[in-house]
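Let's take a walk through this model together, one stop at a time. Have the sequence and the 3D view open as you read.

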Amino acid sequence: MNRMGGWGVASLLVLSGCSVPSLEELAGERTVRVTVHYTPSFKTGCIVMRTQDVANSENFTEQTVGSDLLARTSPPLVLNVLRPGDWGKKLQVTITAREQGCGGKQVDEVVLPVDLSGTGAKPGTAVTLVTPDADGDGFVAVSSDAGKGGTDCDDGDAMRNPSQQEVCDDKDNNCRNGVDEGLPLVAMFRDLDGDGVGGEAIQHCAPVAGVRGYVTVGGDCRDDNENAAPGKAEVCDNEDNNCNGATDEGFDKNWYLDDDGDGVPRAGATFQCASPGARYKNYPAGPPFDCRDDDNSVAPGKPELCDNKDNNCDGNTDETFTTKGNSCNNLSCTGTVVCNAAQNGVECNAQAPRMFYPDKDGDLDGD
């Protein structure tokens, strides 16, 4: 194996009549600059460039950039491909990225053919290595591309990578063998709504502090609703909050319309928790209901007035005024007993009599 080194200008033959290339020209013909782009968070890995003679595979060199340099710099990384003088002019350059140092898993690789035939300086080239480490834990994200990617099963969580210890949190902390593998199982209940009372009885490992979803107390009748569990206070929300089999017990959900505002609503309830509107009221006393909800002088319990209305809703009108409608006289004039202006009694509507005088001579002046 030949390691990278310099070459001797003195070994070049100088022939009469021939031009001798300068050191700079020789370097340009034997050198190619490679710009390596990689993910900026890739700080604890290793980038290796292997240069191999196509004509003789035993001729190769390697340049290694470890985590000590990656931690102090930012991409891109500039490397020089150098061809020793005794090599062929066609090279194969392989640039590899590994996580967790140069002995870690290979996460990406780019193979680059380089032809140094001819004279003059050779143009540079650029490659990109895919090395994502979003959480900065030093492990590169697993890739769906075969043969590529690192060993980090969750690159958004620095507490999930192959260096972690498995704990009971429904996660694959160590990124191998699945979730919570190897942990002992205990009897508990699944608490989907996080109210502290579980529903489904299961066998599960004992969760670490701060992990929701599992409790040792069961009996939740609605494990999809954190407002329902044994011991909860019942509220009017159309739910069985305390899991006793009844819904909204202790709450009057019957709302009656009192359109005239006399305190007695009409029959026909609206059934719901919240009031349907300002003119609705609960009416726990129940019947009787208002027979005329458009008149606040009419309702059960109202005093009967003489007003041609059934004020007390008993089916009768002005029933306490028994003489109403009878015939009556005012001296020589006749009439009918009617309600008085105060509506608290009756009076005769006959007009009072008037005096008339005979006018024999027709001069409109009576005797």
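Two strands count as paired if DSSP finds at least two bridges between them. Keep in mind that you are looking at a predicted model. With that in hand, find strand S8, residues 185-190, and strand S9, residues 201-205: they pair in the antiparallel sense over five bridges. Leu185 has Cys205 in S9 as its bridge partner. S8 also pairs with strand S10 (residues 214-215), again in the antiparallel sense, over two bridges. Here Arg190 stands opposite Tyr214 in S10.

Now let's move to the nonpolar interior. In soluble globular proteins, nonpolar side chains tend to be buried together. The largest nonpolar core in this model has 24 residues, and Val36, Ile47 and Ile95 have the most contacts inside it. At least two residues of this core come from each of strands S1 (31-37), S2 (46-53), S4 (77-82), S5 and S6 (106-115). S5 gives the largest share, four residues.

A second, separate core of five residues includes Tyr256, Val264, Phe289 and Ala299.

Finally, is Thr94 buried or exposed? Thr94 lies in strand S5, residues 90-98. Its relative accessible area is 13%, and because buried means under 20%, Thr94 counts as buried. Leaving aside neighbours within four places in sequence, Thr94 is in contact with Val48, Met49, Arg50, Glu109, Val110 and Val111.

Key
Residues are numbered from 1 along each chain as its sequence is written. This is a predicted model: local features need pLDDT of at least 70, side-chain atom pairs count only at pLDDT 80 or more; totals for chains, interfaces and linings use all residues. Side-chain values use heavy atoms; hydrogens and water are left out. Buried means under 20% relative accessible area, exposed over 50%, partly exposed in between (1.4 Å probe, protein chains only). Contact means heavy atoms within 4.5 Å. A nonpolar core is a set of buried Ala, Val, Leu, Ile, Met, Phe, Trp, Tyr and Cys residues joined through side-chain atoms within 4.5 Å.
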